[in-house]
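Me: I would like to learn how to read surface patches and aromatic pairs in a model. Please take them one at a time.

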Amino acid sequence: MLNLRRTLVSAALVAAVISPAAMLSAAPAFAESAPTAQTQNDTASIAALEKAQADASAAVEAARMRAVSGRANFETFKANPQPYLMWVQRAEDAAEKTAAVVAATNKEAEAASLAFGSAKPEELDKARERMQAASKAANEAADADRKAKEAVTAAEKKLNDVLAAENAKVVEAEAAVPVAIKAYQAANKAYAEAKAVDYARQEAEQRNEKPVDKPADKPAEQPATVTEAADTTASTTSTTSTKSTTSTTKATTASSQAKATTAASAKATTGSTTELAETGSTPATPYLALGSGLALSLGAAALYVSRRKPARSSS
């Protein structure tokens with residue numbers, strides 16, 4: 001039974017000393033992952049914005065080249081819009097020929113009409129046939145001339161439609177240039193802002209860094225060994241009371257030493273409460289660990305005293 005009590009007291013003292021240092025040493029390890037992940041995310045975001053800026057710049061150059069090339073091609077096509085111009089010229093040539101035929105047939109029709117009017121009775125049949133033939137030829141020539149003129153109009157319309165379509169392509173290409181420039185300006189602004197934020201973050205990190213001399217590695221401080229007097233049933237009441245007081249005093253002294261050791265470890269690890277917060281822990285972390293150790297040690301001491309009361313009563 002005595003060995004069990006000694007084991008409980010020793011375990012409580014060791015927990016009170018070791019648990020704060022263990023928690024303080026483990027806290028920075030957990031806190032280092034967040035800044036690393038944040039830095040990686042910032043780097044990836046800046047790289048994506050830089051790529052978007054380069055793509056937008058290339059898009060501006062491509063839009064300008066399309067506009068310039070489209071305008072030059074349109075001017076060249078406008079000067080000699082083949083084959084549409086050739087079709088117009090052929091239609092005009094055909095219309096000119098039909099117009100000449102119309103003029104000739106009309107002239108013949110007038111002459112035949114005059115001849116029929118002045119013809120002698122025996123010449124009336126021939127004059128009538130001539131006049132009818134001339135009139136028919138004049139009508140056919142007029143119909144052919146009308147179709148030739150319609151062909152000219154259709155060829156000219158097709159030429160004009162093609163020129164309008166090509167010009168619309170040029171206008172569209174030229175209108176895409178300011179749109180591409182605006183997109184490039186937006187990408188450039190986003191990239192510049194991201195770089196400024198990253199630069200400010202790096203400057204803030206450099207300002208917050210304080211050079212601290214790393215303490216030499218020392219072996220973990222072991223709690224003082226607690227030696228108790230031998231437990232005998234023949235002990236007197238005064239001896240039992242003295243032992244209980246001595247055990248309580250030693251437990252309190254060990255707890256004070258553990259508190260001092262924890263404070264020193266925390267100061268050596270972080271340097272200040274501000275630096276402890278920067279690692280991801282809070283200023284309350286060492287006190288929580290210390291409170292846990294003290295609670296274990298006090299519980300063990302109370303258990304020891306409560307177990308000693310029956311022995312004192314029996315004596």
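Me: Which helix gives the most to the negative patch?

Reply: Patches are made of residues with over 30% relative accessible area and no salt bridge, with like charges joined within 9 Å. Helix α3 (residues 84–118) gives the most here, with three residues. The patch of negative charge gathers E92, D93, E96 and E156 on the surface. This is a predicted model, where local features need pLDDT of at least 70 and side-chain atom pairs count only at 80 or more, while totals for chains, interfaces and linings use all residues. Residues are numbered from 1 along each chain as its sequence is written, and side-chain values use heavy atoms, with hydrogens and water left out.

Me: Is E92 buried, partly exposed or exposed?

Reply: Buried means under 20% relative accessible area, exposed over 50%, and partly exposed in between (1.4 Å probe, protein chains only). E92 lies in helix α3 and is partly exposed because its relative accessibility is 31%.

Me: How is a pair of aromatic rings described?

Reply: By the distance of the centres and the angle of the planes. Rings of Phe, Tyr and Trp (its six-membered ring) pair if their centres lie within 6.5 Å; planes under 30 degrees apart are stacked, over 60 edge-to-face, the rest tilted.

Me: How many aromatic pairs does that rule give?

Reply: Two. F77 and Y84 are edge-to-face, 6.2 Å centre to centre with 80° between the planes. Y84 and W87 have centres 5.4 Å apart and planes at 75°, so this pair is edge-to-face. F77, Y84 and W87 form one aromatic cluster.

Note on methods: Patch = residues over 30% accessible without salt bridge, like charges linked within 9 Å, V, L, I, M, F, W, Y side chains within 5 Å. Areas by Shrake-Rupley, 256 points an atom, 1.4 Å probe, with all protein chains shown as cover. Salt bridge = Lys/Arg side-chain N within 4 Å of Asp/Glu carboxyl O. Lys, Arg positive; Asp, Glu negative; His and termini not counted. Charge placed at Lys NZ, Arg CZ, Asp CG, Glu CD. Helix = DSSP H or I, 4+ residues; strand = E, 2+ residues; numbered from the N terminus.
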